[in-house]
Amino acid sequence: MKARTENAFTGKTAQKFADYADTVRGFIRYQLVQQNLRAVLGDKPLNIADIGGGAAIDAVWLAELGHSVTIVEPAADQIALAQEKVAQLEPDIATRIMAVQGTAETLLADGKADSYDVVLSHGVAMYTDDPEAFITSLSQLLKPAGTLSLLEKGWAGAYSRVVAEQDYSAANQLRREDKFTNHMGKLVWAFRPETLQGYLTGLGLRNLEWKGVRIAHDADYRLTIELSEAEQESVLAVEQALGAAHETRGMGQMLHFIAQK
């Protein structure tokens, strides 16, 4: 069964999400996820698929490390933002990034099953109608012993946010359906850690680790450039500690799972 991706980011929504990377909230997300991935990427150049790669933020970082990255993105506006960013890179880095308009199923239909050393999917399953089917398609793209990086909305973090905002309608919806309407105006799933773990285990993937992402600074809407370098390092240190601790990691606005096929 194919998992349809809902609420594709187009027009102003695409640009709004790209701008999010310049905020403290986005800074925390990207920096912590990259820190988590460094331990499993190693030094050897890898073939990587970034499913729902959007405006190429992760892809550029990976290409700068020497990896080859295929961005797969259903929204034409997001592809355009990615191509604009890639065009500004040094040629030897830009040639390691390819953008494809489509979904994981697009790659599978092109015979790319068992083809990638690493598959990234960050904040995508939450927008699909069937997250389990979507994650299944990600695992099918992996080579044997390949690595899956899955970043998704956390249930406890989402519930804490909507209660703090006194959005009790969203809180009740989360309790009933594990869904709510986020700040982008999109209806999304929120996942409990055991749910994501169950999906991965059911596919025969071995979970290497999972951490929470953005716990203490979820309401920090400042631009990152407003913080000194010391303040940025302090924010990351706090979030890294909270995201790794067993007592607090489940409160992450996002949950980052790294698993091996």
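Q: Which residue follows α9, and what is its phi like?
A: Asp178 comes after α9, and its phi is positive, near 60°. Helices are DSSP runs of H or I with at least four residues, strands are runs of E with at least two, and both are numbered from the N terminus. This is a predicted model, in which local features need pLDDT of at least 70 and side-chain atom pairs count only at pLDDT 80 or more, while totals for chains, interfaces and linings use all residues. Residues are numbered from 1 along each chain as its sequence is written, and side-chain values use heavy atoms, leaving out hydrogens and water.

Q: Which residues of α9 are buried?
A: Ala170, Ala171, Gln173 and Leu174 are the buried residues of α9. Buried means under 20% relative accessible area, exposed over 50%, and partly exposed in between (1.4 Å probe, protein chains only).

Q: And which exposed residues are on the face turned away from them?
A: That face of α9 carries the exposed residues Ser169, Arg175 and Arg176.

Q: What covers the buried residues of α9?
A: The cover includes α8, β6 (179–181) and β7 (187–189), where contact means heavy atoms within 4.5 Å.

Q: Changing topic, which residues of α11 are buried?
A: They are Val235, Leu236, Glu239 and Gly243.

Q: What covers them?
A: Among the elements covering the buried residues of α11 are α2 (24–41) and β8 (206–213).

Q: What does the face turned away carry?
A: On α11, that face carries the exposed residues Ala230 and Glu233.
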